Amino acid sequence: MKLVKYIFVLLTVVLPSCVHDNTSLCPDERNGKIQIQIKVPELTGTRAETIVNHAAHEYDIDRENLYVFVFNDKGGSGDNDTFMYYTQPVQELAHPDNPTTRKYSITLQKSEDSTEKQKLVFIANCTDEVEALLADPDRYTLTKKDLFAKLQFGIKAWGTQDPIPMWGESPRSVVVTYSTKGGDFGMIDMLFAVARVDVAVKANGDYTEADGLSHFVLKYAEIRNARTRGYVVPRPAAQFNGSVVKYPSTVPEADGNQILAAGTGETTTAFSIAGRFFMHEADNKNSTNDMRAFLLIGGYYTAQGEPQNTTVMSYYRIDFYDRSKPGVNAVDYLDVLRGHRYMVNITGADGPGYPTPEEAAGSVTTKMNTKVEVWNTNGLVTGITGDYALSVSQPEFSFDGAARGDTDTDNKVDIFTDYAEGWKVRAITDVTGGTEIPAGWLSVDKSGGDPYATTALSVNVTEYNSATQRYGRIYIEAGKWTYIINVEQKQD
């Protein structure tokens, strides 16, 4: 099941010791502990599932690696907000039911007056870079935009070791008083600072497994023109909205020729490479063919009627572009965006590729039949085929014990397809006991929707007075695409 993990940070006002920085502004009477909720994304097919003996997940956050930057909100876009101080969690509270759900307590300074509105920016999993920024003598004179322009990080082997850098910002600014509650700041969505790329041959499920093809065996894959550095916080031009970025944030001076390589030896099957590629954002729409980020794969191609090839490698270039549109025009190329997962499915090969990687890299055509799915881990999830797309705005719901109905607001999911016959709800099941059966407690308000229109679906549940979690699935279907919405409910 694809889950969204939560970290809770509630408010109780106390008189602790000073927070970091600005010590002249933080006598004890100005401080208060606050707990505030942040939502952490998790990609389907985590590294714990795809890499042997590796326990870390993409969404992991250690208390020591979580920093909260506090800014004085100057209004407008927020780019001109000024840095006030930073703080870190002072306590981690264990969650009795779920070890991946944690609670943190952080310390905030009380606002000096009603004009000092505080905005919180959470940065996780890039401690060295944050510490260097906090040592910058100009940090108090720079605007938020200029300060975070300095917060950059290099690519590393997240596929085998560290949790991924994340960023999140409170949707509301608050005049902090002794009555301030964590909920006053709103829900903070944490967003991955990198994108993930998976590749599979005739993939099934979430791309951690694949069926393979008789005439092509995947042996190697690499990403070319990957950026060597990226921003932790999206730049203003990214047009970040809630939990979605529209445009990439790329470091102008960063070298764009890094190669990220991975073979099939460390994957779950010989037909897929999942959880190995994590890359910075790439501006493919505005780049030339020799500078666009792309996937280069190698493997054994066998022509029909020929003995199985197990020695001669063929190489193919696969670009990131929207295959629902005819041709390959510049406007069809897909930018690589943070917080997205790009799943490249090799569905067939029309002929041998190039004899060397460099020849394949310099090509503009490919004999490989592919489709690229793009998942926004915090927002719209889109599957793209050669003919149509199916988009779902929320992959899962986690409800308390209260009933939800058509008039509630926290149980809505937006669905879009350009499939000519529209989309439909194929099935609703209960999977609490490990076996799928009809779910009497879970329902929806409509059976389907028309094409070329975004339709809101209400996910309804009955009242549930048990501390034992129950699970359900809603199957959304458009043509040959099926998307599963996972639902869980438990009395708090």
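Here is a short briefing on the fold, the confidence and one aromatic cluster of this protein. The model is predicted, and its mean pLDDT is 76, with 70% of the residues at 70 or more. The secondary structure comes to four helices and 35 strands. Of the 492 residues, 54% count as buried.

**Where to read with care**

- Residues 1-29 keep a pLDDT under 50, and the model has 113 contacts beyond four places in sequence for them.
- Residues 378-387 are also below 50 in pLDDT, with 46 contacts in the model beyond near neighbours in sequence.
- Where pLDDT is low, the predicted coordinates should not be read in detail.

**Surface**

- The protein exposes about 20600 Å², and carbon and sulfur atoms supply 49% of that area.

- Five strands make an open sheet in the order β6-β5-β9-β11-β13, with antiparallel pairing.
- At the edges sit β6 (82-87) and β13 (191-192), each of which pairs on one side only.
- Strand β5 (residues 66-72) pairs with β6 in the antiparallel sense over five bridges.
- Helix α2 (residues 127-134) lies across β5, β6 and β9 (118-124), and runs at about 35° to β5.

**Aromatic pairs**

- The whole structure holds nine aromatic pairs.
- One of them joins F71 and F148: the ring centres are 5.5 Å apart and the planes stand at 65°, over the 60 degrees that edge-to-face requires, so the pair is edge-to-face.
- F71 belongs to strand β5 and F148 to helix α3 (residues 144-149), so this pair ties together parts that are 77 residues apart in sequence.
- Both partners are buried: F71 has a relative accessible area of 0%, and F148 has one of 2%.
- F83 and Y140 form a stacked pair, 5.3 Å centre to centre with 25° between the planes.
- F83 lies in strand β6 and Y140 in the loop between α2 and α3, so the pair ties together parts that are 57 residues apart in sequence.
- F83 is buried, with a relative accessible area of 5%, whereas Y140 counts as partly exposed at 28% relative accessibility.

**How the rings join up**

- Which residues do ring pairs link into a cluster? They are F69, F71, F83, Y140 and F148.

Key: Residues are numbered from 1 along each chain as its sequence is written. This is a predicted model: local features need pLDDT of at least 70, side-chain atom pairs count only at pLDDT 80 or more; totals for chains, interfaces and linings use all residues. Side-chain values use heavy atoms; hydrogens and water are left out. pLDDT is the predictor's confidence in each residue, from 0 to 100. Contact means heavy atoms within 4.5 Å. Two strands pair if DSSP finds at least two bridges between them. Helices (H or I, at least four residues) and strands (E, at least two) are DSSP runs, numbered from the N terminus. Axes are lines fitted to C-alpha atoms, for helices over the stretch in contact, and angles run from 0 to 180 degrees between N-to-C directions. Buried means under 20% relative accessible area, exposed over 50%, partly exposed in between (1.4 Å probe, protein chains only). Accessible areas come from the Shrake-Rupley method with a 1.4 Å probe; for residues, only the protein chains shown count as cover. Rings of Phe, Tyr and Trp (its six-membered ring) pair if their centres lie within 6.5 Å; planes under 30 degrees apart count as stacked, over 60 as edge-to-face and the rest as tilted.
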